[in-house]
Amino acid sequence: MRIAVVDDDESVIEYASAALAAAGHSCTGFRNGASLLAALRRQTFDLILLDWNLPDSSGMELLRSIRDAVSRATAIIMLTSRSDKDDVAAALHAGADDYVVKPETGAVIVARVQAVLRRAVPVAAQDRILQFGTYAFDRLTERVSVGGEEFALSAKEFQLALALFENMHRALSRSYLLETIWQSAADLSTRTLDMHVSRIRTKLKLTPENGYRIVAISGYGYRLERFGAEN
């Protein structure tokens, strides 16, 4: 998963990022709220670790801004030295998914992150067959059937289509898709992503007539939308 670590203390960013990277996550550090908000206009994160005391804003203000601007699909954990019970309650009421008091061991941070991510993943995602309306994804054979008609996709096409369906109505940045599907080679042309999007749109008939459309978001990425009779 892609995780943002927001803290004005570089050592905290390095410590948390190292623990999470060892668990297989990809981390990006931010020293203030402005840099995070700027990044969220270009990138997608699965989870944000957020400090309360930042040099340019309160973590609570930033939490509310993120919740107003970003899909609820992005999980947020407060990672802060503030341990007052009222602060914990305020953060959870404002939309935080969990609250971790510093200092904390890397093992506990990883465990809390993974617990939140598990809760964020639909139960159906644990199954072999994932159903989205008339679209059924078989994760074992990497085939998709639409109303009983089966389509063979390449491995990357299958992963990309599944990522879009699992994040229905959520905008996914190019960098997120390249890293998630291709384990992004920074030298990989974004044209590769565009070609794969075009192919799955055609192969899976993701058209308004079938109740779906893939929307290209200028300067950001793509979003799959469902509407009409299948909404």
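In this predicted model, the largest nonpolar core consists of 31 residues, and Y135, F137 and F165 have the most contacts inside it. The greatest contribution comes from α6, with seven residues.

Helix α6 has 12 residues. From its first C-alpha to its last it reaches 16 Å, close to the 16 Å expected at 1.5 Å a residue. Its buried residues are E157, F158, L160, A161, L162, A163, L164 and F165.

F165 is also one of the residues that Y135 touches. Setting aside neighbours within four places in sequence, Y135 is in contact with L130, V144, S145, V146, F165, L204, K205, L206, N210 and Y212. A second, separate core has 22 residues, among them L36, L40, I48 and L62.

Another site to look at is D7, which lies in the loop between β1 (2-6) and α1 (10-22). Is D7 buried or exposed? D7 counts as buried because its relative accessible area is 1%, under the 20% cut-off. The D7 side chain reaches the backbone nitrogen of D9 at 2.8 Å, and a polar contact of 2.7 Å joins it to the side chain of K102. Beyond its neighbours within four places in sequence, D7 is in contact with V12, I13, F30, R31, D51, L54, L79 and K102.

Conventions:
Residues are numbered from 1 along each chain as its sequence is written. This is a predicted model: local features need pLDDT of at least 70, side-chain atom pairs count only at pLDDT 80 or more; totals for chains, interfaces and linings use all residues. Side-chain values use heavy atoms; hydrogens and water are left out. A nonpolar core is a set of buried Ala, Val, Leu, Ile, Met, Phe, Trp, Tyr and Cys residues joined through side-chain atoms within 4.5 Å. Buried means under 20% relative accessible area, exposed over 50%, partly exposed in between (1.4 Å probe, protein chains only). Helices (H or I, at least four residues) and strands (E, at least two) are DSSP runs, numbered from the N terminus. Contact means heavy atoms within 4.5 Å. The expected span of a helix is 1.5 Å times one less than its number of residues. A polar contact is a pair of N or O atoms within 3.5 Å; within protein, one must be able to donate a hydrogen and the other to accept it, and residues adjacent in sequence count only if both atoms are side-chain atoms.
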